[in-house]
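Please brief me on this model. Keep it short and give the cut-offs.

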Amino acid sequence: MIGYQAFADLSLSTDSNERGHAAHLAAQAYLDHSGPADEHAALYAALIGFLDDPSVKVRAALAYGLLHSPEVPRPIILALLRDSPVIARAVLQYSPVLVDADLMPLIRSGDAGGLVAIAQRPKISGKIAAALVEAGDDNLVLRLLQRMDVPLPKDVLATLTLKYRGDARLRGALLARRDLPAEARMVLVRCVAESLRKCRLVKGALAPDRLDRVLRDGTDTALSAIGEMAASGGDYARSLVQHEQVSTRVLLHAVLTGHVMFFSSCLTALAEVSESKVFSLLETGSRTALMALFGRAGLREGVARVLARLILHARLADLSDDLAARHYVVTALTEEMIAEYDGDIPAELEEVFTYLSEQNITLARKAARGVVSAFAGSREGVIALPMAEAGEVRALTAA
């Protein structure tokens with residue numbers, strides 16, 4: 001509490017620090033006031049008077065007292081918004097009184113400091129975020145992308161994907177966003193794979209053929225995993241079908257990795273039947289019914305037979321999490337194909353057979369790592385080597 005005369009003395013002081021103290025007191029008194037209306041009006045007039053103080057320190061003290069309140073009169077906030085840059089940017093960043101219509105003209109002006117201040121506001125609408133992205137530089141875009149609470153329209157994210165797919169920092173920020181459209185995410189995944197392919201460290205660590213297989217498998221897994229997350233609408237799968245990006249390999253990989261929602265969406269788009277019917281057939285349909293569905297989807301008979309077998313195996317195992325089950329299914333499919341064609345695989349199934357063989361090797365390696373790790377963690381695990389072999393091992397390790 002302070003007496004009126006003491007407040008008047010502070011307000012009329014020649015010392016800017018004292019006048020600043022009076023301005024801050026007036027701001028607090030106005031916001032906390034619960035007395036007569038004429039008293040409130042007098043406080044409002046005092047605030048207006050401090051706006052014309054020649055000292056930026058006084059006006060800054062006034063702004064500091066009003067920044068975070070939604071109850072501040074708009075004329076005062078708008079006047080502070082046109083004050084010196086240090087005051088205007090603080091108002092831009094913190095004042096809840098400002099609405100999108102107040103911010104848009106300032107964004108269009110292109111002032112770098114103002115853009116950063118707006119980007120740091122506690123709440124930003126999708127409209128403001130899109131305008132900031134259009135007006136700001138790469139660092140401002142990165143700042144906005146890293147704010148998961150800021151909604152960005154899908155068309156803006158798609159545009160940013162095409163613009164910044166070659167920039168590792170922004171590409172990572174885009175991939176970290178959950179609202180990134182599925183098509184845009186897949187574009188970035190392919191860019192990441194291409195960057196890894198060109199990286200000297202990666203090229204030096206893996207032979208070219210193995211590097212191609214690793215990147216191809218990783219891309220296929222990403223494609224089906226993204227499709228699994230986006231399967232509810234089916235737009236992603238339809239887009240892939242329209243652009244002829246759904247191959248036999250992709251369909252096989254989707255089932256083997258347990259991404260059945262994506263697999264179902266692809267079949268729905270290819271066969272042009274209802275998704276509920278596809279689900280029903282995949283879940284309980286006979287081999288004949290599955291063959292008819294795959295035929296309607298445009299798959300060749302040999303490929304359809306392999307997929308039908310795969311579906312029947314998948315009904316008995318959890319391929320999404322069980323690595324051993326996945327390895328068993330791939331091995332069983334490979335052996336069935338060899339037995340059916342007596343080792344002479346038809347040309348139309350060479351791609352399928354090659355894919356299954358590659359997966360067999362990959363899954364065998366992963367399964368072996370799990371077995372060795374489990375054995376190494378066992379206290380009683382002892383490997384009995386013949387004496388001659390044990391001696392050779394000791395000689396080799398000593399050398």
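The briefing below goes from overall shape to single residues.

This is a predicted model, in which local features need pLDDT of at least 70, side-chain atom pairs count only at pLDDT 80 or more, and totals for chains, interfaces and linings use all residues. Residues are numbered from 1 along each chain as its sequence is written, and side-chain values use heavy atoms, with hydrogens and water left out. The protein chain has 24 helices and 0 strands; these are DSSP runs numbered from the N terminus (helices: H or I, at least four residues; strands: E, at least two). The chain is more spread out than a compact globule, because its radius of gyration is 33 Å, well over the 21 Å that the globule rule gives for 399 residues. That radius is taken over C-alpha atoms, and the rule is 2.2 Å times the number of residues to the power 0.38.

**Overall dimensions and surface**

- Along the principal axes, the C-alpha atoms of the protein chain fill a box of roughly 105 × 65 × 40 Å.
- The accessible surface of the protein chain comes to about 21,700 Å². Carbon and sulfur atoms hold 57% of that surface. Areas come from the Shrake-Rupley method with a 1.4 Å probe; for residues, only the protein chains shown count as cover.
- Of the 399 residues in the protein chain, 42% are buried. Buried means under 20% relative accessible area, exposed means over 50%, and partly exposed lies in between (1.4 Å probe, protein chains only).
- Take the contacts in the protein chain between residues at least 6 apart in sequence: 57% of them join residues at least 24 apart. A contact means heavy atoms within 4.5 Å.

**Buried packing**

- Leu47 lies in helix 3 (residues 37-50). Leu47 counts as buried, at 0% relative accessibility.
- Leaving aside neighbours within four places in sequence, Leu47 is in contact with Ala26, Ala27, Tyr30, Leu62 and Ile76.
- Leu47 and Ala63 are 16 residues apart in sequence, and their C-alpha atoms are 9.9 Å apart in space.
- In helix 10 (residues 138-145), the buried residues are Leu140, Val141, Leu142, Leu144 and Leu145. They pack against helix 8 (112-119), helix 9 (126-135), helix 11 (154-164) and helix 12 (168-175).

**Salt bridges**

- The whole structure holds 18 salt bridges. Each needs a side-chain nitrogen of Lys or Arg within 4 Å of a carboxyl oxygen of Asp or Glu.
- Arg59 and Asp83 meet in a salt bridge through their side chains (2.7 Å, N to O). This pair links distant parts of the chain, 24 residues apart: Arg59 is in helix 4 (residues 56-66), and Asp83 is in the loop between helix 5 (74-81) and helix 6 (85-94). Arg59 is buried at 12% relative accessibility, and Asp83 is buried at 18%.
- Asp220 forms a salt bridge with Arg249, with the closest N and O atoms 2.5 Å apart. This pair also links distant parts of the chain, 29 residues apart: Asp220 is in helix 15 (residues 208-229) and Arg249 is in helix 17 (residues 248-256). Asp220 is buried, with a relative accessible area of 11%. Arg249 is buried at 11% relative accessibility.
- Asp235 and Arg238 form a salt bridge between their side chains (2.4 Å, N to O). Both lie in helix 16 (residues 235-242), 3 residues apart, about one turn of the helix. Asp235 is partly exposed at 49%, and Arg238 is partly exposed at 37%.
- Salt bridges that share partners join Arg216, Asp217, Asp220, Arg249 and Glu358 into one network.

**Cysteines**

- How many disulfides does the structure hold? It holds 0, a disulfide being a pair of cysteine sulfur atoms within 2.5 Å.
- The closest cysteine sulfur to that of Cys199 is in Cys191, 15 Å away, so the two are too far apart for a bond.
- Cys199 counts as partly exposed, at 30% relative accessibility. Cys266 counts as buried, at 0%.

**Surface patch**

- Val260, Met261 and Phe279 form a nonpolar patch on the surface, with about 220 Å² of accessible area together. Patch residues have over 30% relative accessible area and no salt bridge; like charges are joined within 9 Å, and nonpolar side chains (Val, Leu, Ile, Met, Phe, Trp, Tyr) within 5 Å.
- Met261 is found in helix 18 (residues 260-271). Met261 is partly exposed, with a relative accessible area of 31%.
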